[in-house]
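Subject: Structure handover

Hello,

Here is the structure I promised to pass on. My notes on its charged side-chain pairs follow below.

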Amino acid sequence: MNVRIPGRLWVRIALILLAAAGLVALVWWRGPDWHLVGHAFDRVSWEWVIVAFGLNLLSVIARAIAWRVVIGQSMPPPHPRFPLVFSAFSVGLFANAVLPGRIGELARVAVLTRKMRLQGRDSGIWAALVGSVFAHRLFDLIPTVGLIGYVLLTAKIPHWAITSLIVVGVIGFGLFAFAFASARHHHQSVLEGVGPLRRLVEMGRYGLGVLHRPGPAAVAAFFQCLGWLCQFFAVYTAMRAFDIHAPLPAAGLVLLLMNVATLFPLWPGNIGLLQAAIALPLASYGVAAGKAIAYGFGLQAIEASVGVGVGGIFLAREGLSFAMLRRMPDASEAEVPEEEAEEAASADGSEARARARVSG
């Protein structure tokens, strides 16, 4: 029996093989002394590791606050409370840390949709939340542009890194312009009588509605920038943990190239590729390749520990399984269990009858 592999899968396999071949060639060409890599972990200052972990946790909290602000402009009230948004956001981080692709962006939508349906919200919130995730990611453009300007003025940047940063900036501005033109606030139109496809499109545009609200947009941008600032200092303190005394501009360059390296996740964490992206610019600051590679593994472990640790706790708390995260979540993944839906419906009916008796 012949099994036909879809064309998209062939493209993805080819890209992964190409990236892996390039990574192997890079290691062969400029490979570190692996004995030095292992020895670098023997001299780690764990006090700085704890500080870096705490800063990463603060970064997650700040970015979750920014997402909640965006959600508030995506749909009419009642809006989900922050603990619920933080729980969904953490589950998304867990999925991004352990699975390839950006599954976590949709996983957090699935978790939040599931909870909001239990609270009686209709299924149309799925598209609005997907739009809110897109808008939330667009606010990364503001701290990214600021950080690019900072490192261009202060850091020692390899020529290949300059090209990468310019490409990322152009793509980011293009996406922001498209989203701003597509954004629509939920007060601006009525969805009654429209078809299901048109309704999904409009709800998705509602998710971008914060882009047309200067006040909430400024608040979301502030917390997103605060999250990046915490992550910036986490990168810097992690350098101190590995006895790397490069200046602050080096930390900014590392943070930027980390995000470039993970922009297109080919495998979980892009392990190997990420370490190369961190080690190469540090060579300009006289950091030995072995120590830089060790730092790359340590920095990734610190950041992943926040996503895996906190996200794993909330995954268990939500009663969800890892198997659910292995599939690309869609609207069907956000369906509430039948018995929970029946309990919610029964509770809603009891409340309605109680209100009827009071009003009667």
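A word on terms before the notes: a residue is called buried when its relative accessible area is under 20%, exposed when over 50%, and partly exposed in between, using a 1.4 Å probe and protein chains only. Please keep in mind that this is a predicted model, in which local features need pLDDT of at least 70 and side-chain atom pairs count only at pLDDT 80 or more, while totals for chains, interfaces and linings use all residues. Residues are numbered from 1 along each chain as its sequence is written, and side-chain values use heavy atoms, leaving out hydrogens and water.

I searched the whole structure for salt bridges (a side-chain nitrogen of Lys or Arg within 4 Å of a carboxyl oxygen of Asp or Glu), and the search finds 4. Here are some of them.

One joins Arg-108 to Glu-105, with 2.6 Å from N to O. Both residues sit in helix 5 (residues 103–118), 3 residues apart, or about one turn of the helix; helices here are DSSP runs of H or I with at least four residues, numbered from the N terminus. Arg-108 is buried at 2% relative accessible area, and Glu-105 is buried too, at 12%.

Another pairs Glu-318 with Lys-115, their closest N and O atoms being 3.6 Å apart. Glu-318 lies in the loop between helix 13 (289–317) and helix 14 (322–326), and Lys-115 in helix 5, so this pair ties together parts 203 residues apart in sequence. Glu-318 is buried at 9%, whereas Lys-115 is partly exposed at 26%.

Asp-140 also forms a salt bridge with Arg-137, at 3.6 Å between the closest N and O atoms. Asp-140 is buried, at 10%, and Arg-137 is partly exposed, at 33%.

Best wishes

How values were computed:
Helices (H or I, at least four residues) and strands (E, at least two) are DSSP runs, numbered from the N terminus.
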